[in-house]
Amino acid sequence: MASSSFGSSIVALFITFAVLIGSASAVHLSIRYYNNSCPKLLSMVKDKVDSQLEKKERIGASLLRLFFHDCFVNGCDGSILLDDSANFTGEKNAIPNRNSVRGFHVIDAVKYAVEDVCPGIVSCADILAIVARDSVVFLGGPSWRVKLGRRDSRAASQAAANENLPSPTSNLTELISIFRKFGFTTREMVALSGAHTIGKARCTNFRGRLYNDLDIDDVFAKERRSKCPELQGSGDDNLAPLDIQTTIAFDNSYYINIFMKMGLLHSDQQLFQLQNNGTGGGVSTDSMVVEYMKSQSSFFSYFAKAMVKMGDLYPLTGSSGEIRKNCRVIN
Ligand code: HEM
């Protein structure tokens with residue numbers, strides 16, 4: 001009897017211990033995370049983003065993409081910001097990022113300003129999350145409340161960046177499966193793709209579409225071909241807007257473009273494929289494209305919610321990682 005009560009006490013103790021450990025590691029992100037430790041953070045970041053975007057709007061697109069490329073590679077941990085080091089080959093030169101991701105100087109400028117007021121408090125991963133939201137808002141898109149409390153990784157992985165980021169040659173089935181891997185529904189994937197309402201792409205990423213795809217508007221293709229020659233290696237870095245209509249406004253015209261067969265990337269046009277009865281791997285995204293095309297508010301609402309969800313991807317919290325002093329190098 002005595003030994004059984006001793007045994008159950010041990011079990012109770014073990015359970016209490018396990019619950020305590022569990023709750024300590026299950027630290028959640030919070031929109032109020034820096035309210036006491038760095039109360040001016042959000043206004044400081046917004047001021048910096050606004051002043052950078054006033055000079056050059058495209059940088060807003062680049063900053064939004066940086067956040068996406070951070071979160072899909074081992075979570076939103078600021079790993080994309082790290083330069084190559086003796087210990088690892090970073091993500092900046094992974095195939096989807098090389099000569100393509102931009103905006104690091106803005107993150108540096110924001111971090112510098114934030115460190116001045118709140119030294120050692122705010123992570124680069126969180127700065128990236130706020131900057132992405134502020135960029136979208138500046139360009140006329142929806143707002144959302146950014147959850148905070150992420151910490152920065154102490155490494156980056158070029159291999160993971162090569163493996164996890166979608167390619168512009170992806171078909172619909174591939175797009176659906178890449179996003180599903182990160183917990184996104186097809187509808188959320190279609191909404192997130194609407195980020196291509198801003199920013200630019202290089203010829204090397206849409207040449208195949210211009211010369212091989214059949215589901216492309218003739219006049220649009222002709223115009224784009226004039227600055228993106230068929231020969232590989234010629235004009236690879238020539239830029240074209242992802243959204244032919246309103247290049248710098250965050251709106252729903254991306255969906256109108258693809259409805260009219262004027263998606264710039266092959267992967268964009270995959271979301272609307274009426275020519276084969278709207279099927280792609282058994283799933284049609286045509287109706288979602290039409291819905292977002294007709295209703296900007298529906299697009300905005302799904303986009304904003306999906307961005308919050310993206311920000312929840314595998315954050316480092318508690319005592320994992322660190323708060324980098326300089327976003328480009330580990331402490
Ligand atoms: C659905 C799969 C996606 C594919 C295949 C894809 C691919 C691409 C490619 C190839 C470019 C042009 C890069 C270059 O030519 O240098 C690009 C640009 C861009 N992407 Fe995506 N992307 C996808 C989803 C997303 C998502 C989910 C977001 C953000 C939520 C996003 C945001 C952007 C932005 C804003 C740009 C323009 C960047 C700039 O002008 O600097 N993309 N994307």
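Modeller: A pocket is an open set of points on a 1 Å grid over the protein atoms alone, where a 1.4 Å probe fits, with protein on both sides within 12 Å along at least five of seven lines; lining residues have an atom within 4 Å of a point. This is a predicted model: local features need pLDDT of at least 70, side-chain atom pairs count only at 80 or more, and totals for chains, interfaces and linings use all residues. Residues are numbered from 1 along each chain, and side-chain values use heavy atoms, without hydrogens or water.

Biologist: Which residues lie nearest the centre of the largest pocket?

Modeller: Arg65, Phe68, His69, His196 and Leu265, out of 45 lining residues. The pocket's volume is about 1100 Å³. H3 gives the most to the lining, with eight residues.

Biologist: How do you know where the largest pocket lies relative to domain 1 (41-165) and domain 2 (172-306)?

Modeller: Both domains give residues to the lining, so the largest pocket lies between them. Their bounds come from an automatic or database domain assignment.

Biologist: Why is asparagine 99 called exposed?

Modeller: Exposed means over 50% relative accessible area, buried under 20%, and partly exposed in between (1.4 Å probe, protein chains only). Asparagine 99 has 62%, so it is exposed. It sits in the loop between helix H3 (58-71) and helix H4 (104-117).

Biologist: What makes tyrosine 314 partly exposed?

Modeller: Its relative accessible area is 47%, so tyrosine 314 falls in the middle class. Tyrosine 314 is in the segment after helix H14 (296-311). Its phi is positive too, near 35°.

Conventions:
Helices (H or I, at least four residues) and strands (E, at least two) are DSSP runs, numbered from the N terminus. Grid points are joined across faces, edges and corners, and a volume is the space filled by probe spheres set on the points.
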